[in-house]
Amino acid sequence: MALEVRDLRKRFGAVEVLRGVSASFDDGTVTAILGDNGAGKSTLLKTIYGIYPVENGTVRLGDLDISNLAIRERRRQGIEMVFQDLALTRQQSVVANLFMGREEVCRPFGVLRKKKMRAVALQALGKLGITIPSLERPVASLSGGQQQAIAIARALLDDPKVLLLDEPTAALAAGEVSKTLALIRSARQEGKVVVLVTHRLNDVFEVADRVIVMKHGSIFSDRAVTETSPAQVISEIVS
Amino acid sequence: MFDKLPQPMAAAVQPLLLLTLLVVVFALSAPAFLSFANLNNVLTASATVGLIALGATFVIASGNIDLSPGAVMALSAVVTANYAQHIDASPVGCVVVAGGIGLAVGLLNGWLISLTGAPSFIITLGTLSVARAIAYIASGGVPVYGLPDSALIVGQGALFGIHLPVLILMVCVVMSGFTLRFTRFGQHTLHMGDDAKAAQALGINLPRLRLQIFGLAGALAGLAGLIFMARTNSGDPSAGQSYELLGITAVILGGANLFGGKASVLSTFTGLLALAVLQNGLNLLAIETFYQVLFVGLVLILSAGLRRGELGSWR
Ligand SMILES: Nc1ncnc2c1ncn2[C@@H]1O[C@H](COP(=O)(O)OP(=O)(O)OP(=O)(O)O)[C@@H](O)[C@H]1O
Ligand SMILES: [Mg+2]
């Protein structure tokens with residue numbers, strides 16, 4: 001069920017942000033992607049997830065070419081993403097956010113199954129060791145760390161195959177970082193494909209199996225974590 | 001202070017206080033106020049604005065504004081009047097035509113907003129002009145008078161003594177209240193108004209949602225046009241002038257966030273009643289119309305001031 005991208009290109013107007021990116025990401029592997037600001041890391045993740053249409057190249061999940069699928073369908077295939085800005089709707093409840101775009105409903109009128117969603121949400125948060133005061137509270141009333149946790153819980157809610165994480169620890173305090181890293185480790189243990197974009201070298205050397213350095217929209221280096229060092233990664237990023 | 005209450009009730013508390021205050025004041029100063037006949041009239045008079053306010057609740061919940069409903073009312077009144085005179089005056093036929101015209105303009109609004117990426121304010125300001133102009137052109141600038149009786153039932157009929165416009169409004173309040181709060185469509189509407197980029201990132205189909213929301217608001221405005229036509233016995237191209245603003249006023253009095261993500265039909269309805277009671281009470285006290293308009297403005301500003309910090313304000 002590996003995830004594979006071939007020759008992805010993306011331009012914003014005159015700027016070529018992805019210049020033919022090819023890579024494959026294996027099950028049960030955490031791949032860290034590093035690179036300077038504007039290197040194209042978020043753009044790569046968003047193209048895999050479906051925010052940006054694939055203009056050139058392919059995205060495959062196992063045997064399935066998902067290049068032309070809408071976000072909804074990619075999510076149904078098991079691709080989930082945690083966004084740099086979290087993508088939470090802050091006046092809505094925690095449950096509403098956890099199930100955004102994937103609500104449990106009764107047909108034919110799309111009546112929400114609120115009880116069922118509450119129960120699933122409670123169980124999922126419990127399993128992840130996330131404690132929040134109330135599922136009905138608007139997300140805005142939660143702390144930054146709790147909001148981050150909700151965003152991660154949402155991505156994990158439906159047992160995805162691929163987890164795309166864009167700076168999931170950037171805004172967190174130390175204790176919360178280690179919790180998030182623990183979640184990443186257990187996702188790997190469950191055999192998920194994990195792609196982690198981060199600026200924190202510490203995170204990389206704690207959880208990643210593989211390090212990709214991006215530069216100006218291309219892959220500059222791609223190594224097993226055991227074959228490189230923080231110093232070498234830094235020098236590649238700034239070189 | 002009210003955060004122990006379930007959300008929609010808590011949201012309705014402030015307009016409810018306003019409404020209660022108005023009712024008490026008018027009940028004491030104008031004895032006729034609390035009579036069944038008067039309340040029946042209050043609600044009948046606000047049925048058209050009420051339907052527009054219901055549509056506006058969804059539109060505002062989604063972070064948009066619809067300025068076209070007043071003009072859609074006029075277009076619907078003119079076309080339905082002609083239809084009733086020349087083709088079919090059955091109530092069902094009139095409802096289908098009026099609702100269909102509103103739906104069509106609403107879908108056009110939603111489609112154009114997605115197509116152009118322009119703010120809904122601008123697009124619906126455009127369709128406001130277009131719809132109003134077509135109403136004038138189609139009617140030659142003069143109201144269509146003399147409609148068959150059967151076409152007037154929707155506005156002038158009654159059931160158990162309650163006027164039909166009131167019953168129609170009630171049914172629509174219950175249905176749209178349920179829809180906003182208990183269906184996926186309602187939840188997606190709130191998500192979109194809260195943060196459209198987030199909603200899109202989670203796979204919600206925004207263009208389709210816009211069609212649904214503006215289509216609903218348009219259909220309700222078309223229905224309001226039919227009621228207006230049936231109550232005045234004419235297809236008047238000047239019908240519904242600035243009704244969209246009264247509808248928006250009701251939604252805001254109800255405490256919705258003008259920038260989206262927070263709105264409730266119950267609150268809108270309470271805001272609508274406060275508006276209606278204010279106008280009716282001032283009528284009973286024989287206060288001139290100019291002053292009524294003045295009071296509506298003052299109440300709106302006052303209620304916004306009392307809720308500072310809740311309405312998506314900048315402070
Ligand atoms: N929607 C957009 N429209 C135009 N340009 C964009 C858009 N999104 C990104 N860019 C540009 O594309 C380039 C790559 O952006 P991207 O967000 O992928 O970088 P990044 O590697 O994630 O950077 P950071 O570490 O700052 O998050 C940048 O130069 C950015 O300005
Ligand atoms: Mg980024």
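Trainee: Why is Lys116(A) called partly exposed?

Mentor: Its relative accessible area is 34%. Buried means under 20% relative accessible area, exposed means over 50%, and partly exposed is what lies in between, with a 1.4 Å probe and protein chains only. The value of 34% therefore makes Lys116(A) partly exposed. Before we go on, note that this is a predicted model, in which local features need pLDDT of at least 70 and side-chain atom pairs count only at pLDDT 80 or more, while totals for chains, interfaces and linings use all residues. Residues are numbered from 1 along each chain as its sequence is written, chains are lettered from A and ligands numbered from 1 in the order in which they are written, and side-chain values use heavy atoms, with hydrogens and water left out.

Trainee: What makes the pair Lys116(A) and Glu104(A) a salt bridge?

Mentor: The term asks for a side-chain nitrogen of Lys or Arg within 4 Å of a carboxyl oxygen of Asp or Glu. Here the N to O distance is 3.4 Å, so the pair meets the rule. Lys116(A) lies in helix 4 (residues 114-127) of chain A, and Glu104(A) in the loop between helix 3 (94-98) and strand 7 (105-106), twelve residues apart. Helices (H or I, at least four residues) and strands (E, at least two) are DSSP runs, numbered from the N terminus. Glu104(A), at 25% relative accessibility, is partly exposed too.

Trainee: How do you know that Glu206(A) and Arg185(A) form a salt bridge?

Mentor: Their closest N and O atoms are 3.2 Å apart, so the distance is within the limit. The pair links helix 7 (residues 201-207) of chain A, which holds Glu206(A), to helix 6 (residues 174-189), which holds Arg185(A). Glu206(A) is partly exposed at 47%, and Arg185(A) is partly exposed at 30%.

Trainee: How many salt bridges are found over all chains?

Mentor: The search of the whole structure gives 15. One of them joins Arg6(A) to Glu4(A), with the closest N and O atoms 3.0 Å apart.

Trainee: What is meant by the area buried between chain A and chain B?

Mentor: Buried area is the accessible area (1.4 Å probe) that two parts lose on being put together, summed over both. For these chains the value is about 2000 Å², and carbon and sulfur atoms give 52% of it.

Trainee: Why is Ser234(B) called buried?

Mentor: Its relative accessible area is 5%, which is under 20%, so the label is buried. Ser234(B) lies in strand 4 (residues 234-235) of chain B. Leaving aside neighbours within four places in sequence, its contacts include Pro143(B), Tyr145(B) and Met229(B).

Trainee: How do you know that Ile227(B) is buried?

Mentor: At 0% relative accessibility Ile227(B) falls under the 20% limit, and therefore counts as buried. Ile227(B) is found in helix 10 (residues 206-232) of chain B. Beyond its neighbours within four places in sequence, it is in contact with residues including Thr48(B), Val154(B) and Ile168(B).

Trainee: What makes strand 11 and strand 12 of chain A a pair?

Mentor: Two strands pair if DSSP finds at least two bridges between them. Strand 11 (residues 210-215) and strand 12 (residues 218-224) of chain A have six bridges, in the antiparallel sense, so they pair. One bridge sets Val211(A) with Arg223(A).

Trainee: Why are strand 2 and strand 5 of chain A called edge strands?

Mentor: Four strands of chain A form an open antiparallel sheet in the order 2-1-4-5. Strand 2 (15-25) and strand 5 (64-65) each pair on one side only. Inside that order, strand 1 (residues 3-12) is joined to strand 4 (residues 56-61) by five bridges, and Arg9(A) stands opposite Asn56(A) in strand 4.

How values were computed. Contact means heavy atoms within 4.5 Å.
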